[in-house]
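I set out to look up one metal site and a set of ring contacts. My notes follow the coordinates.

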Amino acid sequence: MYVLGIESTCDETGAAIVKDGRKILSNVVASSADIHVRYGGVFPELASRRHLEAIMPVVEEALEKASLLPEQIDLIAVAKGPGLIGSLLVGLQFAKGLSLAWNKPWIGVNHVEAHLYAAMMQAPEPISFPALGLVLSGGHTLLLKINAVGDYERIGTTVDDAIGEAFDKVATLLKLPYPGGPHVEALAKLGNPKAFPLTAGKVKKSPLDFSFSGLKTSVLYAMKGQNATEDRHLTDQEKRDLAASFQETALCDILDKAKLAAKMFPCRSIFLGGGVCNNERLRTLFAREFPHHNVHFPTFELTLDNGAMIAGLGYEKFLNNPVSSPFDLEAMTRIPIA
Ligand code: KG4
Ligand code: ZN
């Protein structure tokens, strides 16, 4: 079964063809990050306009790279949310249009669930459930108990900033370009993670919840003093140390909470997904600290927003319930996965 997956929730237009839910034949992504750089974050209206321009060529390229014709596609999967409304509308309407034009079924899937599913679609089968799941992206920080695909219990989340958002905000403080995560990581590689004594937030009576806004403010204070008005002129090495200290504190906090969750909810496998999973330090920490678990990260091409994870999850859902989504299904800016 050939599934076309379409992703347009934020600033990446993605289209991919996946065979039988696992074999990625093509995975094309066009990012509009270049136009958001000057704003230090995604400018929603500009993102949706860029999706409009990119969607057709991206889908055509995905078909071409997979050497397939439209009539060979069996299912169209699209991210129905959560995300930016203007961006979501482009992908969703396009998928509905293709479904009508090609006379093929289509299915709307949850983008956050697809991030989590990215590692599952690449893991050796059968997957042993229950498993622990972590979604670490620009918009989400979730700790989940996975009972089965589609059956999740949320056991922890952030009470303020998402982890990727914290990386992006710290990057802005350090005057690094958007999206900041990879730049913070690059700087952190050259710094001493113990140089600045930072701590991540604890949430009263919720030991598995996260809070990163205080940590981000500590970075601000380190740069601008306690009233955030001084300009301390950190040396290049001090900036590297600050990036390293922030990264280590944030990632160790995630690791500690995952360890606690694994104690509370025994499981053999851990699945991680979302853009922050690009971070090599995160991968090293999890591999080292969970020697008795099967730790599954998606490959790098499946961590950031992409169509392949949408196609993979669409296939799985359609297999269990082979009906096309209704045409009045609307884009959803917020959808809980648990
Ligand atoms: O999953 P994603 O593409 O978007 C959402 O669905 O939100 O994740 C994007 C996020 C951004 O915040 C970006 O800075 C972060 O992932 N990110 C990283 C790294 N690469 C991307 N954060 C830390 N280290 C990285 N290497
Ligand atoms: Zn995403």
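The entries below take the metal site, then the rings.

I am working on a predicted model, where local features need pLDDT of at least 70, side-chain atom pairs count only at pLDDT 80 or more, and totals for chains, interfaces and linings use all residues. Residues are numbered from 1 along each chain as its sequence is written, chains are lettered from A and ligands numbered from 1 in the order written, and side-chain values use heavy atoms, without hydrogens and water.

**Metal site.** I looked up the zinc ion (ligand 2) and found H111 (NE2), H115 (NE2) and D305 (OD) coordinating at 2.0 to 2.1 Å. Donors are N, O and S atoms within 2.8 Å of the metal (3.2 Å for Na, K and Ca); water is not among the atoms, so sites may look incomplete. The four donor atoms subtend angles of 94 to 128°, so the arrangement is tetrahedral (four donors, all angles between 85 and 135 degrees). I noted the donor spacing as H-x3-H-x189-D. H111 and D305 are 194 residues apart, the former in helix α4 (residues 111-120), the latter in the loop between β10 (294-296) and α10 (307-320). Helices (H or I, at least four residues) and strands (E, at least two) are DSSP runs, numbered from the N terminus. Both H111 and D305 are buried (under 20% relative accessible area, 1.4 Å probe, protein chains only).

**Rings.** My search of the whole structure gave six aromatic pairs (Phe, Tyr or Trp six-membered ring centres within 6.5 Å). One of them, F286 with F297, is edge-to-face, at 6.3 Å centre to centre and 90° between the planes (over 60 degrees counts as edge-to-face). Ring pairs link F286, F290 and F297 into a cluster.

Conventions
Four donors count as tetrahedral if all angles lie between 85 and 135 degrees; four count as square planar and six as octahedral if opposite donors are over 155 degrees apart and all others between 65 and 115; anything else is irregular. Buried means under 20% relative accessible area, exposed over 50%, partly exposed in between (1.4 Å probe, protein chains only). Rings of Phe, Tyr and Trp (its six-membered ring) pair if their centres lie within 6.5 Å; planes under 30 degrees apart count as stacked, over 60 as edge-to-face and the rest as tilted.
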